[in-house]
Amino acid sequence: MIKYKKGYRFQITADYRILTPVIGYDVNTDWCRLTSGGWLVVYAKYAYDGRSGLIRRKKTKTPSLVHDVFSQMARQGLILQDTKPIVDNLYRDMLIERGVSKWYANADLFILRKLNNYYDPKNKRKILCAP
(Lines give C-alpha, C1' and ligand atoms only; values in the text may rest on other atoms or scores of the structure.)
Protein backbone atom coordinates (compact mmCIF):
# COMPACT_ATOMS: atom_id res chain seq x y z
CA MET A 1 0.00 0.00 0.00
CA ILE A 2 1.18 3.55 -0.75
CA LYS A 3 0.31 6.76 1.02
CA TYR A 4 0.07 10.01 -0.96
CA LYS A 5 -1.46 13.47 -1.13
CA LYS A 6 -3.38 14.92 -4.07
CA GLY A 7 -3.46 18.40 -5.55
CA TYR A 8 0.11 19.22 -6.51
CA ARG A 9 0.97 20.60 -9.97
CA PHE A 10 4.64 21.48 -9.64
CA GLN A 11 7.78 20.07 -8.08
CA ILE A 12 11.02 22.02 -7.84
CA THR A 13 14.19 20.27 -8.95
CA ALA A 14 16.75 22.45 -7.16
CA ASP A 15 16.85 24.24 -3.81
CA TYR A 16 15.39 27.76 -3.89
CA ARG A 17 16.67 30.51 -1.55
CA ILE A 18 15.16 33.90 -0.78
CA LEU A 19 15.47 36.53 1.94
CA THR A 20 11.99 37.20 3.34
CA PRO A 21 10.53 39.67 5.86
CA VAL A 22 9.37 36.78 8.08
CA ILE A 23 11.88 36.98 10.92
CA GLY A 24 12.21 35.54 14.39
CA TYR A 25 11.50 31.91 13.49
CA ASP A 26 13.86 28.97 13.30
CA VAL A 27 12.11 26.25 11.30
CA ASN A 28 13.81 23.20 9.89
CA THR A 29 11.78 20.50 8.12
CA ASP A 30 12.55 17.92 5.47
CA TRP A 31 11.10 20.30 2.85
CA CYS A 32 12.32 23.78 3.96
CA ARG A 33 14.44 25.84 6.31
CA LEU A 34 13.52 29.28 7.64
CA THR A 35 16.17 31.11 9.67
CA SER A 36 15.51 33.69 12.36
CA GLY A 37 16.98 36.30 10.00
CA GLY A 38 14.32 35.56 7.36
CA TRP A 39 16.25 33.36 4.94
CA LEU A 40 14.00 30.71 3.42
CA VAL A 41 15.41 27.66 1.65
CA VAL A 42 12.92 25.39 -0.09
CA TYR A 43 14.50 22.04 -0.79
CA ALA A 44 14.51 20.26 -4.13
CA LYS A 45 11.58 17.88 -4.68
CA TYR A 46 9.15 20.16 -2.82
CA ALA A 47 5.74 19.84 -4.49
CA TYR A 48 3.17 22.64 -4.52
CA ASP A 49 -0.07 23.52 -6.27
CA GLY A 50 0.85 26.95 -7.59
CA ARG A 51 -1.38 29.93 -8.16
CA SER A 52 -5.11 29.44 -7.68
CA GLY A 53 -7.67 31.79 -9.12
CA LEU A 54 -7.09 34.42 -11.77
CA ILE A 55 -4.62 33.63 -14.56
CA ARG A 56 -1.72 31.24 -14.02
CA ARG A 57 1.46 32.40 -15.69
CA LYS A 58 5.16 31.63 -15.43
CA LYS A 59 5.60 34.89 -13.54
CA THR A 60 3.41 33.56 -10.71
CA LYS A 61 5.23 30.26 -10.18
CA THR A 62 8.01 31.47 -7.86
CA PRO A 63 5.82 33.81 -5.78
CA SER A 64 3.25 31.04 -5.40
CA LEU A 65 6.00 28.60 -4.34
CA VAL A 66 7.09 30.93 -1.53
CA HIS A 67 3.49 31.63 -0.53
CA ASP A 68 2.61 27.92 -0.49
CA VAL A 69 5.62 27.07 1.68
CA PHE A 70 4.69 29.70 4.27
CA SER A 71 1.05 28.59 4.16
CA GLN A 72 2.09 25.00 4.83
CA MET A 73 4.30 26.12 7.73
CA ALA A 74 1.36 28.04 9.21
CA ARG A 75 -1.08 25.12 8.80
CA GLN A 76 1.40 22.89 10.62
CA GLY A 77 1.83 25.40 13.44
CA LEU A 78 5.49 26.11 12.64
CA ILE A 79 4.89 29.86 12.24
CA LEU A 80 2.16 32.04 13.71
CA GLN A 81 -1.05 32.98 11.93
CA ASP A 82 -0.12 36.68 12.27
CA THR A 83 2.49 36.23 9.54
CA LYS A 84 -0.31 36.01 6.94
CA PRO A 85 -0.33 39.74 6.00
CA ILE A 86 3.47 39.74 5.74
CA VAL A 87 3.48 36.68 3.48
CA ASP A 88 0.58 38.00 1.37
CA ASN A 89 2.44 41.29 0.81
CA LEU A 90 5.63 39.39 -0.05
CA TYR A 91 3.67 37.45 -2.69
CA ARG A 92 2.35 40.70 -4.18
CA ASP A 93 5.80 42.31 -4.17
CA MET A 94 7.33 39.26 -5.84
CA LEU A 95 4.70 39.42 -8.59
CA ILE A 96 5.49 43.08 -9.27
CA GLU A 97 9.27 42.36 -9.27
CA ARG A 98 8.63 39.79 -12.00
CA GLY A 99 6.76 42.23 -14.23
CA VAL A 100 3.16 41.55 -13.25
CA SER A 101 1.08 44.73 -13.31
CA LYS A 102 0.31 46.40 -10.00
CA TRP A 103 -3.40 46.06 -10.78
CA TYR A 104 -3.11 42.28 -11.21
CA ALA A 105 -0.85 41.93 -8.16
CA ASN A 106 -3.27 43.96 -6.02
CA ALA A 107 -6.22 41.91 -7.31
CA ASP A 108 -4.36 38.75 -6.25
CA LEU A 109 -3.63 40.30 -2.86
CA PHE A 110 -7.34 41.10 -2.42
CA ILE A 111 -8.25 37.49 -3.25
CA LEU A 112 -5.65 36.13 -0.84
CA ARG A 113 -6.91 38.32 1.98
CA LYS A 114 -10.65 37.99 1.43
CA LEU A 115 -11.33 34.63 -0.14
CA ASN A 116 -8.63 32.18 0.94
CA ASN A 117 -8.19 30.44 4.27
CA TYR A 118 -5.01 28.59 3.33
CA TYR A 119 -3.43 29.37 6.72
CA ASP A 120 -6.19 27.47 8.54
CA PRO A 121 -4.90 24.19 10.06
CA LYS A 122 -8.19 22.55 8.99
CA ASN A 123 -6.96 22.84 5.40
CA LYS A 124 -4.07 20.39 5.74
CA ARG A 125 -3.93 17.96 2.83
CA LYS A 126 -5.29 14.55 3.75
CA ILE A 127 -3.11 11.51 3.42
CA LEU A 128 -4.73 9.01 1.06
CA CYS A 129 -3.99 5.32 0.54
CA ALA A 130 -3.94 3.08 -2.50
CA PRO A 131 -3.11 -0.63 -2.90
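## Helix 2 and its surroundings

Helix 2 is followed by Gly99, whose phi is positive, near 95 degrees. Helices here (H or I, at least four residues) and strands (E, at least two) are DSSP runs, numbered from the N terminus. This is a predicted model, in which local features need pLDDT of at least 70 and side-chain atom pairs count only at pLDDT 80 or more, while totals for chains, interfaces and linings use all residues. Residues are numbered from 1 along each chain as its sequence is written, and side-chain values use heavy atoms, with hydrogens and water left out.

Helix 2 comprises 14 residues and reaches 20 Å from its first C-alpha to its last, close to the 20 Å expected at 1.5 Å a residue; the expected span is 1.5 Å times one less than the number of residues. Its buried residues (under 20% relative accessible area, against over 50% for exposed and in between for partly exposed; 1.4 Å probe, protein chains only) are Lys84, Val87, Asp88, Leu90, Tyr91, Arg92, Met94 and Leu95. These buried residues pack against strand 3 (16-19), helix 1 and helix 3 (102-114), where contact means heavy atoms within 4.5 Å.

## Overall architecture

The protein chain contains 3 helices and 8 strands, arranged along the sequence in the pattern β-β-β-β-β-β-β-α-α-α-β. Of its 131 residues, 41% count as buried. Among contacts with a separation of 6 or more, 68% involve residues 24 or more positions apart.

An open sheet is formed by 4 strands in the order 3-6-5-4, with antiparallel pairing; two strands pair if DSSP finds at least two bridges between them. Strand 3 and strand 4 (27-28) are the edge strands, each pairing on one side only. Strand 5 and strand 6 run antiparallel and are joined by 3 bridges. Arg33 has Val41 of strand 6 as its bridge partner.

Helix 1 lies across strand 3, strand 4, strand 5 and strand 6, running at about 100 degrees to strand 6. Axes are lines fitted to C-alpha atoms, for helices over the stretch in contact, and angles run from 0 to 180 degrees between N-to-C directions.

## Nonpolar cores

A nonpolar core is a set of buried Ala, Val, Leu, Ile, Met, Phe, Trp, Tyr and Cys residues joined through side-chain atoms within 4.5 Å. The largest has 22 residues, of which Leu34, Leu40, Tyr46, Val69, Phe70, Met73 and Ile79 touch the most other members. Two or more residues each come from strand 5 (32-34), strand 6 (39-42), helix 1 (58-75) and helix 2 (84-97). Helix 1 gives the largest share, 6 residues.

Residues up to four places away in sequence aside, Met73 touches Val27, Trp31, Cys32, Leu34, Leu40, Leu78 and Ile79.

## Aromatic residues

The whole structure holds 3 aromatic pairs. Rings of Phe, Tyr and Trp (its six-membered ring) pair if their centres lie within 6.5 Å; planes under 30 degrees apart count as stacked, over 60 as edge-to-face and the rest as tilted. Tyr46 and Tyr48 form a stacked pair, at 6.4 Å centre to centre and 15 degrees between the planes, and both are buried. One aromatic cluster is formed by Phe10, Trp31, Tyr46 and Tyr48.

## The loop at Gln81

Gln81 is placed in the loop between helix 1 and helix 2. This residue counts as partly exposed because its relative accessibility is 39%. The C-alpha atoms of Gln81 and Ser71, 10 residues apart along the chain, are separated by 9.2 Å.
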